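Colleague: I would like to learn how to read a protein model feature by feature. Could we take one topic at a time, with the general idea before the particular case?

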Amino acid sequence: MSDEAPKSQVNDSALNDSATAPSAYRVLARKYRPDNFTGLIGQNALVKTLQNAIEHGRLAHAFVLTGVRGVGKTSTARILAKGLNCIGQDGTGGPTLNPCGACEPCQSIMAGRHVDVLEMDAASNTGVDDVRDIIEGAAYRPVSARFKIYIIDEVHMLSKSAFNALLKTLEEPPEAVKFIFATTEIRKVPVTILSRCQRFDLRRVSVELLGAHLQSIAGKEAINADDDAIHMIARAAEGSVRDALSLLDQAAAMTADTITATGVSAMLGHAGDADIGEILTACLAGDAASALTFFAKADERGSEAEKILSDMLDLTHYASLHAAGAGLSDLPEATIGVTSALAEQGIARLGRAWQILLKGHNEVKSAPNARAAAQMVLIRLAHSAPMPTPAEIISKLPSAPSGQAAPVAQSSAPSSA
């Protein structure tokens, strides 16, 4: 007698297992990837230009989207592809900047299965043969969509021969074909390609706008996040929305959905603003011993030497801006207090500190022992800080009595007879 369970029993067991299996977690960067231009933050100039182009029938045949990582280049390409092929829920719509998301073309493009919207990663398809497939396909009309659209991501990775093969088709493409290129290295794209495209530079998202976006997502995800913690994440992302969402995801996982500034500092390997303020204040006061003590405490808590100097540079920058009269409304309250106190040192001293820290930061990155190199930078800064500034030296020079001309140096040349 066989020990095998009946086939129907095995199938039922498999179905039950699949029904009870937890669904895969979608990271925030994917979950909140924009599917329309309303959700694309910080790119108002791009949206306005495309809106006018569609409304006035002035759509280019090729676009190149450039910018740093995570600002929405690929998302923009996909949204534009949807908008150009959207037919509306009633099937009678035309090109739009607000695709409905419900018609068959929109859903197929979102799922990545539309036969007329082809996306290629140039990083893994660099050769002329890959481009030749695009050229041959562009000769045929779209199967079901309004436009046949080729999206080439990281286009700067194409070989020189591949770019040359694309030139003719890009200059005189068929009427129903659109090209959308995305790249983080616009300087590596030949000017012969750029001159045939309409270029859009996607900007870094400001800290203020990125912070508001993160706070909104934290509310939707039931994540309790301090304003200072959100601000730290937004600053660390350096204008990249994807990086910011990845950091928010990581911080939520580490702190069980309760994000604090202390937890974010530990995650990023940063010292707190108060710690950085103490180190920099001690250095500018010429107190090397105290600066090294504060540095040792930050180092024990896991802060990296390079990050400490980087944060000192940031704080010096903010203090210099404040000393020059610029506003600091986008900084947390705690940072504004430290910055205001440091600004009293004056622009000359802060500028000298900036130069020492900047040179020292490069030394730390290349030093075999980053901790030792950072300590040497702090000692150098503390010993140079009490030195008088050029203005103070000039003010102490003796001045000539009023009305008395400075003596004229006698010429060493003999007078002519």
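Colleague: How far is the sulfur of Cys86 from the closest cysteine sulfur, and in which residue is that sulfur?

Modeller: The general idea is that a disulfide is a covalent bond between the sulfur atoms of two cysteines. In this model, which is predicted, the sulfur of Cys86 is 3.6 Å from the closest cysteine sulfur, that of Cys100, and this is too far for a bond. The cut-off that matters here is 2.5 Å between the two sulfur atoms.

Colleague: How many disulfides does the structure hold?

Modeller: The structure holds zero disulfides.

Colleague: Is Cys86 buried or exposed?

Modeller: Buried means under 20% relative accessible area, and Cys86, with a relative accessible area of 3%, is therefore buried. Cys197, with 13%, counts as buried too.

Colleague: Let us move to the sheet. In which order do the strands of the open sheet lie?

Modeller: In general, strands of a sheet pair through backbone hydrogen bonds, either parallel or antiparallel. Here five strands make an open sheet in the order S2-S3-S4-S1-S5, and their pairing is parallel. The edge strands are S2 (117–121) and S5, each of which pairs on one side only. From one strand to the next, the twist averages 15°.

Colleague: Which strands does S1 pair with, and over how many bridges?

Modeller: Strand S1 pairs with strand S4 (residues 177–183) in the parallel sense over five bridges, and Val64 stands opposite Phe181 of S4. Strand S1 is also joined to strand S5 (residues 198–201) by four bridges, again in parallel, with Asp201 in S5 as the bridge partner of Thr66. Strand S4, for its part, pairs with strand S3 (residues 148–153) over six bridges in the parallel sense, and there Asp153 has Ala182 in S4 as its bridge partner.

Colleague: Why can one say that strand S1 is largely enclosed by the rest of the structure?

Modeller: One looks at the burial of each residue in the strand: five of the five residues of S1 (residues 62–66) are buried, and so the strand is largely enclosed by the rest of the structure.

Colleague: Which parts of the chain does the salt bridge of Arg78 and Glu119 link?

Modeller: The side chains of Arg78 and Glu119 meet in a salt bridge at 2.9 Å, N to O. This pair links distant parts of the chain, with Arg78 in helix H4 and Glu119 in strand S2, 41 residues apart. Arg78 counts as partly exposed at 32% relative accessibility, and Glu119, with 40%, is also partly exposed.

Colleague: How many residues apart are Glu363 and Lys359 in helix H17?

Modeller: Glu363 and Lys359 form a salt bridge with their closest N and O atoms 2.8 Å apart. They are four residues apart in helix H17 (residues 347–366), so about one helical turn separates them.

Colleague: Finally, which residues form a nonpolar patch on the surface?

Modeller: Ile393, Ile394 and Leu397 form such a patch, with about 310 Å² of accessible area together. Ile394 belongs to helix H19 (residues 390–396), and at 60% relative accessibility Ile394 counts as exposed. By contrast, Leu280 in helix H13 (residues 273–284) has a relative accessible area of 0% and is buried.

Terms used
Residues numbered from 1 in each chain as written. Predicted model: local features only at pLDDT ≥ 70, side-chain atom pairs only at ≥ 80, totals over all residues. Heavy atoms only, no water. Patch = residues over 30% accessible without salt bridge, like charges linked within 9 Å, V, L, I, M, F, W, Y side chains within 5 Å. Areas by Shrake-Rupley, 256 points an atom, 1.4 Å probe, with all protein chains shown as cover. Salt bridge = Lys/Arg side-chain N within 4 Å of Asp/Glu carboxyl O. Helix = DSSP H or I, 4+ residues; strand = E, 2+ residues; numbered from the N terminus. Buried < 20%, exposed > 50% of the residue type's maximum accessible area, 1.4 Å probe, protein only. Pairing = 2+ DSSP bridges. Axes fitted to C-alpha atoms, helices over the stretch in contact; angles between N-to-C directions.
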